[in-house]
Amino acid sequence: IVQTINYATTADNKQIVYYVATVDVTRDDVTIMANYKDNNPGGGWGMQRVEDQANALLNNYKSKYEHFNVIVATNADGYNMSTGKPGGLLVMDGVEWHPVDGDGFFAILKDGSAMIGTQAQYTQYKDQIQDAIGGFGATLIKNGEIVVKKSASHTSSRASRTAVGITAEGKVIMMVLDGRQEPFSAGGSMEEIAQIMLDAGCVNAVNLD
C-alpha cells in the first residue's frame, strides 16, 4: 500500500490537496474490507468516526491473524444522517447487510480481485462477493473514459470528495480530497476528481460520500 499527498492548482486557480492510496490487492497479504460501526452491523444501525471503525476492525481481527493491521481507512457510501443506515450496498465477510441501489457498488470478490458494478450486475456477482459498499451519486470513469456529467449542480460544485477506482493491473486507488478549507484546499467538482482518478491510472472509478 502506497500513499501520496498531492497538491494541485485548478483551472480557476484554486489550490486543492488530495490523498491517494494505491492498494495492490493482487498480493495475498493485502485486501480491502468493508466496515461499519463497531465492525458489527448486527448491533444495529448507528454512526461512528472512521478512525473508531478502523480500530474496532483491528481489535476484532488482530487476535485471529498475528500480523493483521489497518493501514488506510476512508468514508464510503452515503448514509442516513439520523440513523447511520447505509444508502446502498453493504456486504461484510460475505454477508449482505443492506441491498444495492441504483448507484451501483465497489466490491472485493472472494478471489481477492476488485470490481465496480451496476445494480443490474449485482445479482450476477452476488455469490462471488466478499466485501462491498455502494457507490454514491456518480460513476466517474468507465472503460478508461471520464463519464461523469458536468451539468448537474452536485457534480459541478466544489466539495470534499472521496472516490475509489481500479487500475488496468487490478490495483485499487482510494482517494480523499480535502474541501471547504480555502486557501489550503478548495475541494473539487466530480469532473476534477474523475481527472484525478484517471491520472492515478484508473480504468473504472466511482464516487463515494
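**Exercise 1. Work out how strand 1 and strand 2 are paired, and what sits between them.**

Step 1: strand 1 (residues 2-9) and strand 2 (residues 15-23) run antiparallel and are joined by eight bridges. Strands here are DSSP E runs of at least two residues, and helices H or I runs of at least four, numbered from the N terminus; two strands pair if DSSP finds at least two bridges between them.

A quick note: this is a predicted model, where local features need pLDDT of at least 70, side-chain atom pairs count only at pLDDT 80 or more, and totals for chains, interfaces and linings use all residues. Residues are numbered from 1 along each chain as its sequence is written, and side-chain values use heavy atoms, with hydrogens and water left out.

Step 2: look across from Tyr7 and you'll find Val17 in strand 2.

Step 3: the hairpin has five residues between the strands, and Asn13 takes a positive phi near 65° there.

**Exercise 2. Find the partner of strand 2 in strand 11.**

Step 1: strand 2 and strand 11 run antiparallel, with six bridges joining them.

Step 2: Val23 stands opposite Val172 in strand 11.

**Exercise 3. Which residues of helix 1 are buried, and how are they arranged?**

Step 1: helix 1 covers residues 50-61, 12 residues in total.

Step 2: the buried ones (under 20% relative accessible area; exposed is over 50%, partly exposed in between, 1.4 Å probe, protein chains only) are Gln53, Ala54, Ala56, Leu57 and Tyr61. They share one side of helix 1, because they cover an arc of only 160° around the axis, taken from the directions from the helix axis to the C-beta atoms.

Note on methods. The expected span of a helix is 1.5 Å times one less than its number of residues.
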